[in-house]
Amino acid sequence: PWTAHQLVAEHYRDGHVFLTGDAAHLFTPTGGFGMNTGVADAIDIAWKLQAMLEGWGGDQLLDSYHEERRPIGVQNTSTSAGYFYALNNSFRFGEELDEDTPEGGRARQTLIDELDGQVGLIDSSGLLLGYRYEDSSICVQDGTDPVPFDPQHYWPTTRPGHRLPHLWVEEGVSILDRLGRDFTLIRTDPTIDVEALVVAARAAGLPLEVLDVPADIFAEAYECKLVLVRPDLMVGWRADQLPQNATEIIDTVRGALQVD
């Protein structure tokens, strides 16, 4: 016997206390989304705690944990519960499924139709890779239209607030393998001068690496020539050229931008 849950904490932070994983949200086991969600919680809060301990995190950084992760907790627990209720409903059929009668045929077809709608239980790339932090205060929004969201389907994008898409740099090596534990500025055009952003990061103490990648592989898929990736693999900013406000970009992604 077990108890099905669809619960999410009202607050992921209370002072110096942060909730992650099962302490923040309880799932039904349907779909197996609980561990994935918990791991993503831990990755999000880990780099932010690192930033505060190392002295480069801003006053708003830790509050962004609740801001970014709680909507994902609500989204994922709701999806899991929806699959649970649908699957549980399918067990209403009994011996009529085995009957060679018109009624048995109708019952089998009804069950087939219902199970077709539950393919997301095993095909959930949209939920696991397509989650996004819409309007996050520590992502520099670029005004582009939102990418569609569907639990089953994943649309790769470098739009700020989304997870950096995987691409192969060479055989057996993903771009994700090339990223370190800090911020990474991915550049598809090495002629673009990014020194101002590097200097701004250095002045703030924010650890930043510049990674040049081949345009013939990355230009189309990554949409912009410059993509700033956070330690949790989420995109914080992107553009084709470095604007004048390099310091503002750095202050935003580290939670230190002062808003009137």
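Helix α2 (residues 63-90) and helix α3 (residues 102-116) have axes that come within 10 Å and cross at roughly 165°. This is a predicted model, where local features need pLDDT of at least 70, side-chain atom pairs count only at pLDDT 80 or more, and totals for chains, interfaces and linings use all residues. Residues are numbered from 1 along each chain as its sequence is written, and side-chain values use heavy atoms, with hydrogens and water left out.

Helices are DSSP runs (H or I, at least four residues), numbered from the N terminus. Axes are lines fitted to C-alpha atoms over the stretch in contact, and angles run from 0 to 180 degrees between N-to-C directions.

How are α2 and α3 oriented to each other? They are roughly antiparallel, given their crossing angle; that word is used for angles over 145 degrees, while oblique covers those left after under 35 (roughly parallel) and 65 to 115 (roughly perpendicular) are also set aside. Leu87, Asn89 and Ser90 in α2 meet Leu111, Glu114 and Leu115 in α3, where contact means heavy atoms within 4.5 Å. By class, this contact has three nonpolar, two polar and one charged residue. Ala, Val, Leu, Ile, Met, Phe, Trp, Tyr, Cys and Pro count as nonpolar, Asp, Glu, Lys and Arg as charged, and the others, Gly among them, as polar.

Now meet a second pair. The axes of α5 (residues 195-204) and α7 (residues 246-253) come within 8 Å and cross at roughly 50°, so these two helices are oblique to each other. Ala196, Leu197, Ala200, Ala201 and Ala204 of α5 touch Ala246, Thr247, Ile249 and Ile250 of α7. Eight of these residues are nonpolar, one is polar and none is charged.

On a 1 Å grid over the protein atoms alone, a cavity is a set of points where a 1.4 Å probe fits but cannot get out, and a pocket is an open set with protein on both sides within 12 Å along at least five of seven lines; lining residues have an atom within 4 Å of a point. A volume is the space filled by probe spheres set on the points.

| Space | Volume | Lining by class |
|---|---|---|
| Largest cavity | about 30 Å³ | five nonpolar, three polar, two charged |
| Largest pocket | about 290 Å³ | twelve nonpolar, three polar, four charged |

Among the residues lining the largest cavity are Leu129, Trp155 and His162. Of the 19 residues lining the largest pocket, Asn36, Ala40, Ile43, Tyr131 and Arg163 lie nearest its centre. Helix α1 gives the most to this pocket lining, with seven residues.
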